[in-house]
Amino acid sequence: MTTFADREKEFENRFKHDEELRFKVTARRNRMLGLWAAERLGLGAGEAEAYAKDLVATQFQAGGDQRVIDKLFADLAAQDPGMTPSRIAFELEHFAEQAKEQLMKE
């Protein structure tokens with residue numbers, strides 16, 4: 001019986017760890033994406049940090065990743081008519097990979 005209980009506890013701990021990692025990767029990814037977008041918008045350092053924090057918060061509203069993409073597209077399309085939701089989605093994936101690599105090294 002303890003073996004089953006131990007396995008169950010191990011599974012719960014692994015699930016908790018994976019969820020925490022996913023949350024951290026998403027938050028870091030969105031911060032990096034926000035700084036990338038802020039640079040294209042010509043924002044200063046303080047404004048860029050505020051913009052990145054706002055983008056991290058956007059993730060936790062209804063819609064998740066799609067909401068982030070929509071917000072960035074609305075903001076960036078005015079500055080760069082060639083910007084597309086596909087490009088933003090590509091950058092989102094690119095920064096997700098970087099964020100995960102960074103977190104795995106910590």
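Guide: Gladly. Helix H1 (residues 2-41) packs with helix H2 (residues 45-58) at an angle of about 135°, their axes 8 Å apart. Helices here are DSSP runs (H or I) of at least four residues, numbered from the N terminus. This is a predicted model, in which local features need pLDDT of at least 70 and side-chain atom pairs count only at pLDDT 80 or more, while totals for chains, interfaces and linings use all residues. Residues are numbered from 1 along each chain as its sequence is written, and side-chain values use heavy atoms, leaving out hydrogens and water.

Visitor: Why are H1 and H2 called oblique to each other?

Guide: Axes are lines fitted to C-alpha atoms, for helices over the stretch in contact, and angles run from 0 to 180 degrees between N-to-C directions. Under 35 degrees counts as roughly parallel, over 145 as roughly antiparallel, 65 to 115 as roughly perpendicular, and the rest as oblique. The angle is about 135°, so H1 and H2 are oblique.

Visitor: Which residues of H1 and H2 make the contact?

Guide: Among them are Ala27, Leu33 and Leu41 of H1, and Ala48, Tyr51 and Val56 of H2. Contact means heavy atoms within 4.5 Å.

Visitor: What makes glutamate 91 buried?

Guide: Buried means under 20% relative accessible area, exposed over 50%, and partly exposed in between (1.4 Å probe, protein chains only). Glutamate 91 has a relative accessible area of 9%, so this residue is buried. Glutamate 91 is found in helix H4 (residues 85-105). Leaving aside neighbours within four places in sequence, glutamate 91 is in contact with Leu33 and Trp36.

Visitor: And how do you know whether alanine 74 is buried or exposed?

Guide: Alanine 74, in helix H3 (residues 64-77), has a relative accessible area of 53%, and therefore counts as exposed.

Visitor: Why does isoleucine 88 count as buried?

Guide: Because the relative accessibility of isoleucine 88 is 0%. Isoleucine 88 also sits in helix H4.

Visitor: What is the largest nonpolar core, and which residues have the most contacts inside it?

Guide: A nonpolar core is a set of buried Ala, Val, Leu, Ile, Met, Phe, Trp, Tyr and Cys residues joined through side-chain atoms within 4.5 Å. The largest has 21 residues, and Leu33, Trp36, Leu72 and Leu76 have the most contacts inside it. H1, H2, H3 and H4 are the elements giving two or more residues to this core, and H1 gives the most, with eight.
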